[in-house]
Amino acid sequence: MNAVPSPVRPAYRTAATLEEIRANLADIRARIDAACARAGRDPAEVRLLPVSKTVDESRIRMAYAAGCRLLGENKVQEAYGKWEAMADLTDLDWAIIGHLQTNKAKFVARFAREFQALDNLRVAEALDRRLQDEGRGLDVFVQVNTSGEASKFGLAPEEALDFARALPAYASLRVRGLMTLALFSPDEARVRPCFQLLRDLRERLRQDAPQGADFAELSMGMSGDFEWAIEEGATTVRVGQAIFGARALPDSHYWPEGRTAPG
Ligand SMILES: *Cc1c(COP(=O)(O)O)cnc(C)c1O
């Protein structure tokens, strides 16, 4: 990845106390509401998914105290460890938002409430089998590569319809919608088309997708671009650094080589 930080990279200050986390959450919620107002949307349609990757247990407990009941994590092992460590928080749920290898499906099936990066049928099949064993269900989002970057995970947009047609075979997967990572760029004119593409794809799927697959949701938008995503129709925004502060680990730890986050 490019090690040179973007000149527009905002300085996300580390939120170290409950008050700071609470204030950041309130600030993001206000920005979500304002974006909804600009777009003529009902703010109740937009869910904030706080992303807690690299955030340690004590600050996650603060987020819980501030009202968070669902947290997003990119890596399964990290999420699983946190779930075990915080099993006392029985109403805290976890969403896996990063690429999954088939051999880790069993961990996701054991504890996650949702999985947002579904992009191949072998993973769907492995999850379904493990979920049947556990007697659990899982909300899933199909990840689509809307930026055309070869380094990205996700289906090509033209593959999505066939993929959607195959999903009802996996009874324990509850299809919720589509997920994407937009192009990482400060250039609004290049970022928005990624979100528009995902929204257009959802409209097509809603007309053509099989019964039992409900593609109502659009998970798109992160710390650097969630307001644009909301104006383009996002129903879930995944926000980490703007709540918890900048991450120490480089993004290449979480994403394929070649991708850097805007903030
Ligand atoms: C880390 C991550 C986010 C949140 O990114 P921030 O820049 O921290 O807001 C969103 N989606 C995915 C898939 C991520 O891995």
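The structure is a predicted model, in which local features require a pLDDT of at least 70 and side-chain atom pairs count only at pLDDT 80 or more, whereas totals for chains, interfaces and linings use all residues. Residues are numbered from 1 along each chain as its sequence is written, and side-chain values use heavy atoms, with hydrogens and water left out.

The protein chain contains 9 helices and 8 strands, assigned as DSSP runs numbered from the N terminus (helices, H or I, at least four residues; strands, E, at least two). The C-alpha trace spans about 45 × 45 × 40 Å along its principal axes. The radius of gyration of the protein chain is 17 Å, which agrees with the value near 18 Å that a compact globule of 263 residues would have; this radius is taken over C-alpha atoms, and the globule rule is 2.2 Å times the number of residues to the power 0.38. Buried residues account for 51% of the 263 residues. Here, buried denotes under 20% relative accessible area, exposed over 50%, and partly exposed the range in between (1.4 Å probe, protein chains only).

The ligand is surrounded by 12 residues, the closest being Lys53, Asn74, Ser223, Gln241 and Arg247; a residue is included if one of its heavy atoms lies within 4 Å of the ligand. This shell comprises 5 nonpolar, 4 polar and 3 charged residues, where Ala, Val, Leu, Ile, Met, Phe, Trp, Tyr, Cys and Pro count as nonpolar, Asp, Glu, Lys and Arg as charged, and the others, Gly among them, as polar. Taken alone, the ligand exposes 380 Å², of which the protein buries 99%; accessible areas were computed by the Shrake-Rupley method with a 1.4 Å probe.

For Cys36, the nearest cysteine sulfur belongs to Cys68 and is 18 Å away. Cys36 is buried, with a relative accessible area of 0%, and Cys194 is likewise buried, at 4%.

Thr54 lies in the loop between strand E1 (47-50) and helix H2 (57-65). Most residues other than glycine have a negative phi. Thr54, although not a glycine, has a positive phi of about 70°. Its relative accessible area is 31%, so Thr54 is classed as partly exposed.

Helix H2 includes Glu57 and Arg61. Glu57 is partly exposed at 33% relative accessibility, and Arg61 is partly exposed at 27%. Glu57 and Lys82 are 25 residues apart along the chain, with their C-alpha atoms separated by 7.1 Å. Arg61 and Met86 are 25 residues apart in sequence, with a C-alpha to C-alpha distance of 8.3 Å.

Trp94 is located in strand E3 (residues 93-96). With a relative accessible area of 2%, Trp94 is buried. The C-alpha atoms of Trp94 and Ile28 are separated by 20 Å, the two residues being 66 residues apart along the chain.

Terms used. A disulfide is a pair of cysteine sulfur atoms within 2.5 Å.
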